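Work through the exercises below with the sequence and the structure side by side, and try each task before reading its solution.

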Amino acid sequence: MAVISKPHVVCIPFPLQGHIIPMLKFAKLLHSKGFHVTFVNTEFNHDRILDSRGPNSLNGLPDFRFATIPLQHPPSNSHTSLALNLHALRETCRKDFLSLFRHLVAELNDEGSNPRVTCMLSDAILNHSLTLSEELQIPNVLLWNMGASGFMSFKHSRDQIKQCIAFLKDPSSETGMEKNLESMMEWIPGMKGAKLRDLSKLIKTKEQVNSVEDSTESDIGRASKASAVIFHTFDALESETLKDLSLFFKKVFSIGPLQLLLDQIPEEQYNSIECNLWNEEAECIKWLHSKEPNSVIYVNFGSTTVMTAEQVVELAWGLANSNHNFLWITRPDLIMGESAILPPEFLVETKERGFIASWCPQEEILNHPSTAGFMTHCGWNSILETISSGTPIIGWPFFGEHFVNSRKSCNEWGIGTELGTNFEREDVEKLVKELMEEEKGKKMKEKAMEWKKLAEECVNSNGSSSFNFNNLVNEVLLSKN
């Protein structure tokens, strides 16, 4: 009897932490369905993962291998501009990714020990992979690392962005521009209560103009040719917006939250494989164990947000003056151009009720009984993780669709409040006390628990996300067309 070869999926995330995490979770889900998986990192990130987790951290799972491509990460000796660094990385991918990826897939297909590549799962930003999948005549599914509302806001906001670009090119139009920036954008999904001014945070310098003009148009245009697209969300959370996405893509699947789907798999073998670019400090979990239930505010602005030294000081004293316990994650590159240095008197005053770490296992913290709230930059991974844990938020959006996610969370989903961009310590103190002590905080917690229940229903055996995942596998990834 002939041996039936396993389907072989190549998973390729955009090389940033926030994109690697959901792609790895999806790769694990596909492996649990019987796929042979090749997960592709850049050599730079692969080495960082091994440094943070140990030389054997990516071994030990049959038919699940890691491969690398020698894509050069743009040099950066400071973190003063996330947008410019992101643009540089995208430019590098645009120029070099396809040839490097084509070479890797050819090597994979030449290896007799592995089945031939039968399908691809690509980050939507790396949609140049569609050229290769068309050449090989195999399915290629794109994973969007944002919510449906964030995508639709970008899609519909291009005309407004061009107005901002016009202002950057011709500052003499300032008077009319200022008036337009105050206009409301209720007609754009996910932007309830927002002004056009918020979009200007996407394009802070003239050097970003070409990035904004080109990237959205080209990404959406190429993505429309994919076999299917996945949005890491769930039907109950964004049902109205998800219906509109069928206008742009062949097939749309809402599948999430991915961690809750993974939790449905009884095998614990997947827990040992992670791709963290920073070393997680386990001591923060021990510290949480020592605190009363619902007594800690967790503060983490993700892997790319940066702050000024003045903002860090104001945030520090706002947390101190709230008189509540806090767990604060301060990456080494959190402050623009320098290391985070906290006032010595702040460290002395908060010694018993504060814990500061450089990185942490976020989902474990959010699900810890001592965690009462989450101060977040509102990246989409963090939003889904806080919903999955039933944790209310204080949002401090920084970049891109963070602003959409924050406003959806605060104005529509009812799970949070927003901290202004140019905040002072009194603002931080007020919102922390509001979340931890007041009636508004209790209502946000109740809404967060309601969304958690809906998320859990979506991933059970009869839930929409489970149904969509099975259909994606059977109708697209295993398709011979």
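The mean pLDDT of the protein chain (pLDDT being the predictor's confidence in each residue, from 0 to 100) is 85, and 82% of its residues reach 70 or more. This is a predicted model, in which local features need pLDDT of at least 70 and side-chain atom pairs count only at pLDDT 80 or more, while totals for chains, interfaces and linings use all residues. Residues are numbered from 1 along each chain as its sequence is written, and side-chain values use heavy atoms, with hydrogens and water left out.

**Exercise 1.** Find where pLDDT stays under 50 and state how many contacts the model has there.

*Solution.* Begin with residues 77–81, where pLDDT stays under 50 and the model has 10 contacts beyond four places in sequence, a contact meaning heavy atoms within 4.5 Å. Go on to residues 202–213, also below 50, with 28 contacts beyond near neighbours in sequence. Where pLDDT is low, the predicted coordinates should not be read in detail.

**Exercise 2.** Work out the strand order of the open sheet and which strands stand at its edges.

*Solution.* Strands are DSSP runs (E, at least two residues; helices are H or I, at least four), numbered from the N terminus, and two strands pair if DSSP finds at least two bridges between them. The 6 strands follow the order β10-β9-β8-β11-β12-β13, with parallel pairing. Since β10 (354–357) and β13 (416–418) each have a single partner strand, one side of each is left without a neighbour in the sheet.
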